[in-house]
Amino acid sequence: MYGRPYDSMGDRMSDARFDAATEFDSQLDRLVRLGYPALAGQTEEEFRALLSPLRDAAVTGAAGLAAPTDARVPFLLVTTRELVPVPERIALTTLAGKRKTGVLDRNFPADDLPTFHPIKELEVPAGPAYLLFDVDRGEEYRNVPPSAALEDMTTKDRLPITIDEGLAFVTLHPAALASNRCFSLVGSRCRDRRVPALWISQGAPKLGWCWFGNPHTWLGSATANPVRVGLG
């Protein structure tokens, strides 16, 4: 049901030290430490009670997947703009080992954000949070236009990730965003040719956009297993 990552030689990866329940708890704890409960208008107890029902599904869905690396993680606890708005979430991101917080690109006005929605192929669960499995930052798509990356990943039974999912990636695993290892979020689109992307600017994450048909040597297109598991 869930895809499994490969190492550079194409063999199945495994790591007996990886424990999905511990990873889920770590992700939830990080959101709490960053102040997500208050931003969601909830107490810590309410916030944990809301998201904890996804724990069992994380354990089941991550069975057989490898431990997190900088480039690929077995699952993400994704919060949506229904719970916390995008500008507040990008402001809580940092690069690995850094303190400077993320920003919204000045060419990506905040009032534009509500016009970007998940593409229909993703079947994103409704609600404040869900699980995304086998997430990869898509280095193989560096210098490949998002349009061509999208076509290729679908032939491999993969799909792109959204703004919410990209923010979860760099929030929960800051090392995922690195120099020349940035990524487009082809799973979120509006009615034009813009594609959201996360890259590094002045030592911090930046959420901006590029064009659907333009390649960049430093920008890949992140992918994930098509299956998403919601709260309902």
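What is the volume of the largest cavity? The largest cavity has a volume of about 30 Å³.

This is a predicted model, in which local features need pLDDT of at least 70, side-chain atom pairs count only at pLDDT 80 or more, and totals for chains, interfaces and linings use all residues. Residues are numbered from 1 along each chain as its sequence is written, and side-chain values use heavy atoms, with hydrogens and water left out.

**Cavity and pocket**

Both terms rest on a 1 Å grid over the protein atoms alone. A cavity is a set of points where a 1.4 Å probe fits but cannot get out. A pocket is an open set with protein on both sides within 12 Å along at least five of seven lines. Lining residues have an atom within 4 Å of a point. A volume is the space filled by probe spheres set on the points, which are joined across faces, edges and corners.

The model has 1 cavity of 30 Å³ or more. Val144, Pro146, Ser184, Asn214, Pro215, His216, Leu219 and Gly220 line the largest cavity.

The second largest pocket holds about 230 Å³ of space. Its lining has 16 residues; Thr80, Arg81, Pro118, Val124 and Asp164 lie nearest the centre. Strand E3 and helix H7 (163–172) each supply at least two lining residues. Helices (H or I, at least four residues) and strands (E, at least two) are DSSP runs, numbered from the N terminus.

In the table, Ala, Val, Leu, Ile, Met, Phe, Trp, Tyr, Cys and Pro count as nonpolar, Asp, Glu, Lys and Arg as charged, and the others, Gly among them, as polar.

| Lining | Nonpolar | Polar | Charged |
|---|---|---|---|
| Largest cavity | 4 residues | 4 residues | no residues |

**Cysteines**

There are 0 disulfides (cysteine sulfur pairs within 2.5 Å). The sulfur of Cys182 is 9.8 Å from the closest cysteine sulfur, in Cys210, too far for a bond. Cys190 is in no disulfide either; the nearest cysteine sulfur, that of Cys210, is 13 Å away. Buried means under 20% relative accessible area, exposed over 50%, partly exposed in between (1.4 Å probe, protein chains only). Cys182 is buried at 5%. Cys190 is buried at 16%.

**Asp105**

Asp105 sits in the loop between strand E2 (103–104) and strand E3 (117–118). Asp105 is buried, at 11% relative accessibility. Beyond neighbours within four places in sequence, Asp105 is in contact (heavy atoms within 4.5 Å) with Trp199, Lys206, Leu207 and Gly208. Asp105 and Leu198 are 93 residues apart in sequence, yet 9.8 Å apart in space, C-alpha to C-alpha.
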